[in-house]
Amino acid sequence: MKGFNVTQWIVLVILSLLTALEPLSIDLYLPGFIQIAGAFNTTAASVQISLSTFLGGFAIGQLLWGPLADRFGRTKPILLSLVIFTVASVTCIYVNTIEQLWVVRFIQAIGGCGGIVISRAVVTDYYDKSKTLKIFALLSLIMGIAPIIAPTLGNGVLKFFGWEGLFQAMAVLGIFLFLLALILLPETHKERAGKPDKNVFAGYMEILKVRKFTVYSILAGIVNGALMIYVANGPFIIMEKGGFSSNMFSIIFGINAFGLMMGSLLTSVLQKYIPTSKLVKQALIFMFGASIILFGAIYMNANIVAILFILFFYVFPLGVLLPATTELAITPFVNNSGMASALFCSIQLAVAFVCSILS
């Protein structure tokens with residue numbers, strides 16, 4: 001991005017890595033489900049509950065880190081969150097029962113979600129408003145890439161170090177990010193650091209009264225829900241219904257992920273010519289049309305290749321909508337962007353969860 005100095009680039013790299021921490025923590029250990037189940041003499045379904053408790057901790061933790069970031073500045077809460085994440089990652093290796101793993105994964109998520117929440121607040125603090133959409137697009141790009149890379153990395157770690165190595169890798173990542181943030185991440189919210197805040201609940205209610213925030217947060221949740229529906233049902237559609245091999249599934253999944261990334265990159269270009277709110281409307285219309293065509297193709301028992309072709313255009317506008325809705329929801333808040341980011345993430349996750357359940 002033109003016009004960035006070295007420090008701004010360093011901060012952007014750190015924010016990108018913090019943003020990737022959550023999807024990496026989910027997808028990295030997926031290949032180890034069978035080994036973990038064997039180690040605790042339980043079923044893969046019981047291990048899967050540790051994924052649910054992680055998501056629960058992620059949803060609750062976001063509401064905690066936002067107020068802390070607005071009160072104590074950005075850097076200290078990020079460092080604390082990474083300490084919690086790292087300690088919990090190490091503890092996962094030494095638990096004795098699957099139930100203990102559920103609890104520790106919940107705590108790990110509370111630590112891990114601090115980075116993604118506060119990163120969005122740092123963007124609004126530190127960068128010129130004309131650049132924020134480009135940065136949110138880049139962070140969405142990272143969020144799209146991480147789940148693709150993580151299972152492959154997880155397979156490699158699992159092969160050489162066993163399931164314990166998966167959590168060791170998370171701990172190493174946590175330590176690495178802690179050192180980066182400690183040494184290189186500047187405090188971007190000094191003017192209010194350390195000042196007492198008003199009642200947290202009242203602060204969240206004030207944010208919800210801003211119609212723009214509420215509308216775009218719900219839209220972001222629906223968009224994220226659409227992405228979760230695709231991720232959850234993609235293996236069934238591609239491998240079971242389509243008859244493709246697991247290797248071919250990886251290729252198809254990668255092609256759609258490329259479409260998502262292209263959507264994020266396109267957002268940075270289009271925002272020069274089209275207002276962000278109008279961009280969101282056009283992307284929604286495009287996605288709605290693709291959804292109707294996809295729905296019709298499936299119920300007409302169309303060829304799987306045709307369905308996958310349409311699916312690409314269903315996923316593509318998600319890359320536009322994820323960063324655009326984030327930018328529109330959070331940038332109106334200056335003094336309490338940490339709380340706004342936390343509430344935005346929680347609403348997004350809650351709506352996405354409902355969408356996935358309905359699916």
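Trainee: A crossing counts as right-handed if the near helix is turned clockwise from the far one by less than a right angle, and as left-handed if it is turned anticlockwise. Which hand does the crossing of α3 and α5 have?

Mentor: Bearing in mind that this is a predicted model, α3 passes α5 in a right-handed crossing. The two helices pack at an angle of about 35°, and their axes are 6 Å apart.

Trainee: What kinds of residues make up the contact of α3 with α5?

Mentor: The contact of α3 with α5 divides into 17 nonpolar residues, 11 polar ones and 1 that is charged.

Trainee: And α4 with α5, which hand is that crossing?

Mentor: The crossing of α4 and α5 is left-handed. The axes of α4, which covers residues 75–94, and α5, which covers residues 98–126, come within 8 Å and cross at roughly 155°. Because angles over 145 degrees count as roughly antiparallel, α4 is described as roughly antiparallel to α5.

Trainee: Which residues of α4 and α5 make the contact?

Mentor: On the α4 side they include P77, I78, I84, F85 and C92, while α5 contributes, among others, L101, V104, R105, G111, G112 and I118. By class, the residues of this contact are 10 nonpolar, 8 polar and 1 charged.

Trainee: How do the axes of α3 and α4 cross?

Mentor: The axes of α3 (residues 44–72) and α4 come within 8 Å and cross at roughly 140°, which makes α3 oblique to α4. In this contact W65, L68, A69 and F72 of α3 meet K76, P77, L80, S81 and I84 of α4, and the residues are 7 nonpolar, 1 polar and 1 charged.

Trainee: Changing topic, how many aromatic pairs does the structure hold?

Mentor: There are 7 aromatic pairs. One of them is formed by F40 and W163, a tilted pair with 5.6 Å from centre to centre and 55° between the planes.

Trainee: Where do F40 and W163 lie?

Mentor: F40 lies in the loop between α2 (33–39) and α3, whereas W163 is in helix α6 (residues 129–184), so the pair ties together parts that are 123 residues apart in sequence.

Trainee: Last one: where in the chain is confidence lowest, and where is it highest?

Mentor: Confidence is lowest in helix α13 (residues 337–358), at a mean of 76, and highest in α4, at 94. The chain as a whole averages a pLDDT of 83, with 91% of the residues scoring at least 70.

Note on methods
Residues numbered from 1 in each chain as written. Predicted model: local features only at pLDDT ≥ 70, side-chain atom pairs only at ≥ 80, totals over all residues. Heavy atoms only, no water. Axes fitted to C-alpha atoms, helices over the stretch in contact; angles between N-to-C directions. Helix = DSSP H or I, 4+ residues; strand = E, 2+ residues; numbered from the N terminus. Parallel < 35°, antiparallel > 145°, perpendicular 65-115°, else oblique. Contact = heavy atoms within 4.5 Å. Nonpolar A, V, L, I, M, F, W, Y, C, P; charged D, E, K, R; others polar. pLDDT = per-residue confidence, 0-100. Phe/Tyr/Trp six-rings, centres within 6.5 Å; stacked < 30°, edge-to-face > 60°.
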